[in-house]
Amino acid sequence: MPQLKLDLKIDDIESLIFQLPAEQFIILADDIMEKAETLGMMKLSETGFKEWNGKGEDIYDDA
């Protein structure tokens, strides 16, 4: 799928989102919350894998 780059500010996006019908707004809000939770968990899990960044642990990078 082609990528489209838009130069929008958060206020612009917010204005567009608030024009959605209530049902679509709720679906979008749920999707955004799920994505935010996933990103938060990924960020939190990074601390548990710091030892994998050590020298010698990059043997799988060449695969």
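**Surface and aromatic contacts in a predicted chain**

Buried residues, meaning those under 20% relative accessible area, make up 0% of the 63 residues in the chain. This is a predicted model, in which local features need pLDDT of at least 70 and side-chain atom pairs pLDDT 80 or more, while totals for chains, interfaces and linings use all residues. Residues are numbered from 1 along each chain as its sequence is written, and side-chain values use heavy atoms, with hydrogens and water left out.

User: How many helices are there in the chain?
Analyst: Helices are DSSP runs of H or I with at least four residues, and strands are E runs of at least two. The chain has 0 strands, and its helices number 2.

User: Is L8 buried, partly exposed or exposed?
Analyst: L8 is placed in the segment before α1 (10-17). Exposed means over 50% relative accessible area, and partly exposed lies between that and the buried limit of 20% (1.4 Å probe, protein chains only). Because the relative accessibility of L8 is 40%, L8 counts as partly exposed.

User: Are the planes of F18 and F25 stacked, edge-to-face or tilted?
Analyst: Rings of Phe, Tyr and Trp (its six-membered ring) pair if their centres lie within 6.5 Å, with planes under 30 degrees apart counted as stacked, over 60 as edge-to-face and the rest as tilted. The structure holds 1 aromatic pair. The ring centres of F18 and F25 are 5.8 Å apart and their planes stand at 45°, so the pair is tilted.

User: What is the relative accessible area of F18?
Analyst: F25 is partly exposed at 30% relative accessibility. F18, by contrast, counts as exposed, because its relative accessible area is 56%.
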